[in-house]
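Please look over the sequence and structure shown here. A short report on selected features comes after them.

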Amino acid sequence: MAKQLVVQTVNLTKNYDKTTVVDRLNLRIEEGDIFGFLGPNGAGKTTTILMLLGLTEPTSGTAHIYGYNSTREPLKVKRITGYVPERVGFYDDLTASYNLAYTARLNGLPEELVIKRVGESLDIVGLSPVAEQRVGEFSRGMKQRLAIADILVKTPKVAILDEPTSGIDPEGIVQMLDMIAEIAKERNMTIIMCSHQLYQVQRICNRVGMLVNGKLVIEGLLDQLGREALGGGRVRIEIKLAKTTSKLVDCVKRIKGVVSVERSGDLLLITCQDDLRAKIAKAIVDANGLLIEMKIQKYALEDIYRKYFREA
Amino acid sequence: MQGMMTVFYKELADHFNSWRGIILFITVLLVSIFATIGPSGALENIRAQLETPVQYGAGQYAFLYLFTTSGEDLPSFLWFITRFLVPIVGIVLGLDAINGEKNSGTLSRLLAQPIYRDAVINGKFLAGVVTIAIMLTTTILIISAIGFNVLGIAPSSEEIARLLLFWGTSILYGAFWLGLAMLFSVYFRPVATSAISSLGIWMFFSFFMSMAARLTANMLAPMSQTPTTPELLKNVGVQITASRFSPIMLFGEASTVLLAPGERTAAEMLQLYHASGARWMPGPLTLGQTLLTIWPHLATIGGLTALLFAISYIRFMREEIRST
């Protein structure tokens, strides 16, 4: 059964004074995805998000979240969507819990639920000890965590995070990302994370889309993308043997699905149509070969990124 | 509606919890009390007025003297309210209403909540108006209490009615300045720019308007060396019309007629002259006549306020939230 479509845009376009910021964007994000929305600065990521939330009107095309039209039914969209803007801000003179309570009340939560929800959310992001401190005294990282709590208060079905890790130290970034991934899993929340930090996207996202000059140049599952982009849709496996013989090379070549085998010393570089590691290992062992090491070549997002970035 | 009320309560709480609001409130109270009973001698002047024989029935509004009598070196409460306190309170409460939220990065987060966009601007405006109302109520009540205690006079029912009308008029007047400040806060991004814009307009109306009105009058209705009565009347007429472009003048006239019904503003005298040919009409205006006199003033201030708010509202509603 197909998963429910959470976000769908059809030819979504936005022009600002004749410059096209977002160009006929067709985006589909399914329930439970952690979608990494990649792209260099000024690629149109934030503009797309603002259109998804109904804060900006598209020049043409439509955007839907859970079937609600973002432009015509923004209130319904905003009820189920949490948003952390880039450089998120809070009321500095008010306490952390008051800031969150304001969000809760704006979402129409009954008063008895407000305090409970605020307490729980601060607990999850580890800010309960400073709940009654003014946000003005918070560090950047604490504010980012407060922003996550701000979303939790609302308990949305979709969360859109625009550069949620900007301005935090490396360790904080890892914590933040793990927290986001955990929350998404526990609450079955679909997450759209905007970033130009590849490593972060790679860490938690299962699908990515890359926006360059307002166009979606690539979109899909992370591992599938690498194969398609760089390996021509093929998998490359590297194996190291104790002693390489032409007999062994031949028996690897005979495996169904293997396209080519290159030999360099004791290293074999195998190109195949699928991940055939198990079959290759068995073939070698059956032919009395001694297998020392086997690696599948992973495609780093960075390689993909560079490739498309250059093309664009 | 629920969204607007949430914004309203939060803003109202902010106005009374922030240092800005507290300092503003203290300033208003101190200046008002000082102008009434401070060392300026306003109280002595009131006592003196109370002891002189009643002229044209003016003494029947003894309680209102509290608000309109000035001392030796300080102007009256009414003067402060008209020129300084209400405009400043309105401007300070509204000057960063919208651009402050933009600059602190809270506006996009706020607008991403399931509320209509106008809930933000309506809630903020309403909170400002209610804050002004609370400040004015407190001030007027404190001055009245001083009147009871120190002078031992109690207001008549007509005086209470006049005070209530004055109270409503000053809230409307405050709403005008609030609307002006909010308008600039929608249009300009830096708070300093929006603040200077509204303060500039206030300064112009407060200090330069009378000069501008006089210049206009001298240009449109020049007077000879020894002006004849028609010349003089025409000149004064133009001057009054010109100065009525200023909301300060409008409120000043309206509140003087309300609180000092025994006195006559230049405009009133002119009006009476044209209406009846009389140079001076003895006796204070009745409440009904007062209302008739100030009605156009109130309508104009209200209209201006509505206009300012409407422009801010439309601009804010159509504004695009940009990525930067």
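## Basis

This is a predicted model.

## Helix α1 of chain A

Helix α1(A) spans residues 45–52. Of its 8 residues, 8 are buried, so the helix is largely enclosed by the rest of the structure. Among them are Lys45(A), Thr46(A), Ile49(A) and Leu52(A). Just after α1(A) comes Gly54(A), with a positive phi of about 75 degrees.

## Salt bridges in chain A

The count over all chains is 24 salt bridges. One of them joins Glu120(A) to Lys116(A), with the closest N and O atoms 3.6 Å apart. Both residues sit in helix α4(A), residues 111–124. They are 4 residues apart, which means a separation of about one helical turn. An α-helix has 3.6 residues a turn, so residues three or four places apart point the same way. Glu120(A) is partly exposed, at 38% relative accessible area.

Asp178(A) pairs with Arg203(A) in a salt bridge, and here the closest N and O atoms are 3.1 Å apart. This pair links distant parts of the chain, 25 residues apart. Asp178(A) belongs to helix α6(A), residues 170–187, and Arg203(A) to helix α7(A), residues 198–204. Asp178(A) is partly exposed at 33%. Arg203(A) is partly exposed at 38%.

## A buried pair in chain B

Glu101(B) and Lys124(B) form a salt bridge at 3.1 Å, N to O. Glu101(B) lies in helix α6(B), residues 99–103, and Lys124(B) in helix α8(B), residues 117–151, so the bridge ties together parts 23 residues apart in sequence. Both residues are buried.

The pair belongs to a network of salt bridges that also links Lys10(B), Glu11(B) and Asp14(B).

Methods
Residues are numbered from 1 along each chain as its sequence is written. Chains are lettered from A and ligands numbered from 1 in the order in which they are written. This is a predicted model: local features need pLDDT of at least 70, side-chain atom pairs count only at pLDDT 80 or more; totals for chains, interfaces and linings use all residues. Side-chain values use heavy atoms; hydrogens and water are left out. Buried means under 20% relative accessible area, exposed over 50%, partly exposed in between (1.4 Å probe, protein chains only). Helices (H or I, at least four residues) and strands (E, at least two) are DSSP runs, numbered from the N terminus. A salt bridge is a side-chain nitrogen of Lys or Arg within 4 Å of a carboxyl oxygen of Asp or Glu.
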